[in-house]
Amino acid sequence: MSETQTQIENRPPSVASLFAERVAATPDGEAYRYPVPPASGDGPDEWRSLSWGQAADRVYAIAAGLIELGVAAEDRVALASATRVEWILADLGVMCAGGATTTVYPSTNAEESAYILSDSESRVLIAEDAAQLAKAREKRAELPALKHVVVIDSEGVEPDAADPEGFVLGLAELETRGAAYLEKHPEAVKERIAAITADQLATLIYTSGTTGRPKGVRLPHDNWSYMAKAIAATGLVTKDDVQYLWLPLAHVFGKVLTSGQIEVGHVTAVDGRVDKIIENLPVVQPTYMAAVPRIFEKVYNGVAAKARAGGGAKYKIFQWAAGVAREYAKVTQDNFRRTGNASAPFGLSTKHKVADALVYSKLRDAFGGRLRAAVSGSAALAPEIGYFFAGAGIHILEGYGLTESSAASFVNPGEAYRTGTVGKPLPGTEVRIADDGEILLRGPGIMEGYHGLPDKTAEVLEPDGWFHTGDIGELSADGYLRITDRKKDLIKTSGGKYIAPAEVEGQFKAVCPFVSNILVHGADRNFCTALIALDEPAILGWAADNGLAGKSYAEVVAAPQTEKLVESYVARLNEGLQRWQTIKKFRLLPRDLDIEHGELTPSLKLKRPVVEKEYKHLIEDMYAGSREA
């Protein structure tokens with residue numbers, strides 16, 4: 001057994017224990033940074049810090065407050081809030097009280113929020129603001145188990161005569177009550193932490209899923225303790241790192257990053273406002289961050305649009321530099337794989353230096369100038385976009401995991417990363433490929449099962465611990481995994497050919513700088529079609545220079561010249577595809593796909609059935625008059 005495996009085998013029973021150890025080891029070390037908007041409403045945010053000791057004071061006060069409210073071991077406490085430092089403190093408070101956090105996206109509507117609160121039997125809801133409280137009040141009759149709502153930001157919260165006594169309280173009030181409780185019972189939280197067992201429920205995360213009701217994934221304390229140790233064992237993060245954390249913490253990808261940070265002890269700057277990312281990066285100057293592919297696609301499209309707006313010469317320079325970046329990344333990665341030295345021929349290196357001065361250095365500055373690596377997960381990153389960033393010196397380490405595997409099952413190993421793969425398994429995680437190509441996983445990160453759904457659990461979790469991911473993939477001889485598609489998303493044409501739509505969609509995103517979302521359709525059809533949504537800022541910028549200035553997004557995408565533009569990119573895509581994969585027809589959508597209309601999950605994955613149902617008339621129109629084989 002290797003040293004790494006031994007370390008992971010000897011993990012403590014819970015992240016609550018890890019947190020207590022971290023606080024004891026570095027009480028004065030900086031733990032979290034968070035923004036405070038100016039009182040006037042104008043000007044930049046002020047970033048403040050919490051040391052590990054200060055964070056512990058708040059976490060233990062929250063834990064004691066929850067104990068006073070009657071929260072017992074494994075009692076569910078729901079958390080409906082955007083990503084902010086209070087989310088992390090509240091989650092740790094729940095775990096240190098021995099409770100289990102039920103995560104709820106703040107964008108979830110009242111009906112689905114009520115379903116999650118009811119199914120989980122949550123006793124307490126920690127709500128971000130008046131809007132989240134309103135959802136609970138609206139559905140209170142359906143939630144007999146819910147006894148209290150703790151509101152983080154009490155602005156705008158009005159008394160309601162229908163509320164039972166003590167039903168609503170502020171987070172500050174909970175902390176005050178908790179601190180008073182600790183004065184009378186100073187060992188209460190320590191005793192709760194000491195009593196936590198590895199198999200005790202820590203988190204219930206409801207999969208947003210692409211179909212049907214969400215399922216509650218039961219993740220015991222040992223899952224997070226293992227993840228914390230395994231992330232540290234990869235060596236990808238160090239105590240000197242600064243992480244920029246904006247991902248939704250209700251999602252398993254965001255949540256796992258909080259566990260790894262506690263084990264390593266580095267700084268995390270927390271701000272979930274997506275519209276603030278561009279503004280925050282130069283201020284925070286992170287050394288690493290995690291994101292979903294859509295963010296990198298938007299940055300790439302934005303840089304391309306800015307270059308195009310600068311005139312023909314600037315755009316030609318950008319296109320040349322993008323080509324050099326991709327070539328440089330492919331050559332250096334290939335050389336590193338063969339020789340251990342990420343070198344490039346003299347001529348290519350010279351071009352790369354020129355392109356760096358003209359383009360890449362500005363791109364790195366936009367990320368804060370200190371970014372060592374970015375981790376990408378949740379969905380596939382188009383390899384050509386990955387190669388572009390790699391060549392520009394922004395190293396995107398793709399990873400892979402599911403809610404059911406506590407998020408991080410694979411990650412690319414630092415310098416030896418390979419664009420287009422999700423890397424190698426984390427220490428302690430086993431993988432095998434089934435006969436039909438499905439990826440199976442086993443290890444300490446795998447869920448206990450689906451909450452109250454033993455039959456659904458049995459469908460994916462074998463008695464010997466192997467979990468069926470539902471994803472199709474290939475393993476290289478040296479252990480790198482490449483995801484090819486979701487098993488259920490594979491298309492079989494009427495001609496009997498199998499197509500992985502995500503692969504075609506990813507290639508189009510690399511070819512067309514105007515695309516936001518694309519759905520390839522072709523199951524049981526005799527050719528493939530596509531629904532395409534364009535990136536609004538990018539296409540409106542193009543429109544202004546092509547006789548469509550002042551037109552709305554819907555008017556621009558309906559214009560013949562826009563269709564002709566996209567048609568040229570579809571033709572370029574088709575040049576690199578097998579005949580049966582090619583897109584014969586496409587339709588531009590009148591608006592972009594979004595979470596609000598239920599077309600994307602909160603982690604920005606495409607909900608294929610929803611989109612296909614909503615735009616069925618466009619799909620049928622593309623096949624009208626064709627002879628289906």
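In what order do the nine strands of the open sheet lie? The legends below, which refer to a predicted model, begin with that sheet and then turn to helix packing, a pocket and the cavities.

**View 1. The open sheet of nine strands with mixed pairing.** The strands follow the order S2-S1-S11-S10-S12-S13-S14-S15-S16. Strand S2 (46-51) and strand S16 (424-425) stand at the edges, and because each has a single partner strand, one side of each is left without a neighbour in the sheet. Within the sheet, strand S12 (residues 288-291) and strand S13 (residues 373-376) are paired in the parallel sense, and four bridges join them. Helix H10 lies across several strands, namely strand S1 (30-36), strand S10 (242-245), strand S11 (267-270), S12 and S13, and runs at about 160° to S10.

**View 2. The open sheet of four strands with antiparallel pairing.** Here the strand order is S17-S18-S20-S21. The edge positions are taken by strand S17 (430-433) and strand S21 (481-486), each of which pairs on one side only. From one strand to the next, the twist averages 50°. Strand S20 (residues 467-475) is joined to S21 by five bridges in the antiparallel sense, and Asp485 in S21 is the bridge partner of Ile472.

**View 3. The packing of helix H13 (residues 312-339) against helix H15 (residues 383-391).** The axes of the two helices are 7 Å apart and meet at an angle of about 90°, which means that H13 is roughly perpendicular to H15. On the H13 side the contact is made by Phe318, Ala322, Ala325, Arg326, Tyr328, Ala329, Lys330 and Gln333, while H15 contributes Glu384, Tyr387, Phe388, Ala390 and Gly391. By class, the residues of this contact of H13 with H15 comprise eight nonpolar, two polar and three charged.

**View 4. The packing of helix H3 (residues 52-68) against helix H7 (residues 171-184).** In this pair the packing angle is about 85°, and the axes lie 7 Å apart; H3 is therefore roughly perpendicular to H7. The residues of H3 that take part are Arg58, Tyr60, Ala61, Ile62, Ala64, Gly65, Leu66, Ile67 and Glu68, and they meet Leu171, Leu174, Glu175, Arg177, Gly178, Ala179, Tyr181 and Leu182 in H7. Of the residues in the contact of H3 with H7, 11 are nonpolar, two are polar and four are charged.

**View 5. The second largest pocket, with a volume of about 680 Å³.** This pocket is lined by 32 residues, and those closest to its centre are Trp246, Val274, Ile595, Pro602 and Leu604. Helix H10 (252-264), helix H12 (293-309) and strand S24 (515-521) are the elements that give two or more residues to the lining, and the largest share, three residues, comes from H12. Sorted by class, the lining of the second largest pocket has 17 nonpolar, 10 polar and five charged residues.

**View 6. The largest cavity, with a volume of about 70 Å³.** The structure holds two cavities of 30 Å³ or more, and the largest of them is lined by Ala80, Val104, Ala110, Ser113, Ala114, Leu117, Leu125, Gln132, Lys135 and Ala136. Two or more lining residues come from each of helix H5 (110-120) and helix H6 (130-138), with H5 giving the most, four residues. The lining of the largest cavity has seven nonpolar, two polar and one charged residues.

**View 7. The second largest cavity, with a volume of about 30 Å³.** Its lining is formed by Tyr226, Met227, Ser405, Ala408, Ser409, Thr429, Gly443, Pro444, Gly445 and Ile446. These lining residues of the second largest cavity divide into five nonpolar and five polar, with no charged residue.

Conventions: Residues are numbered from 1 along each chain as its sequence is written. This is a predicted model: local features need pLDDT of at least 70, side-chain atom pairs count only at pLDDT 80 or more; totals for chains, interfaces and linings use all residues. Side-chain values use heavy atoms; hydrogens and water are left out. Two strands pair if DSSP finds at least two bridges between them. Axes are lines fitted to C-alpha atoms, for helices over the stretch in contact, and angles run from 0 to 180 degrees between N-to-C directions. On a 1 Å grid over the protein atoms alone, a cavity is a set of points where a 1.4 Å probe fits but cannot get out, and a pocket is an open set with protein on both sides within 12 Å along at least five of seven lines; lining residues have an atom within 4 Å of a point. Grid points are joined across faces, edges and corners, and a volume is the space filled by probe spheres set on the points. Ala, Val, Leu, Ile, Met, Phe, Trp, Tyr, Cys and Pro count as nonpolar, Asp, Glu, Lys and Arg as charged, and the others, Gly among them, as polar. Angles under 35 degrees count as roughly parallel, over 145 as roughly antiparallel, 65 to 115 as roughly perpendicular and the rest as oblique. Contact means heavy atoms within 4.5 Å.
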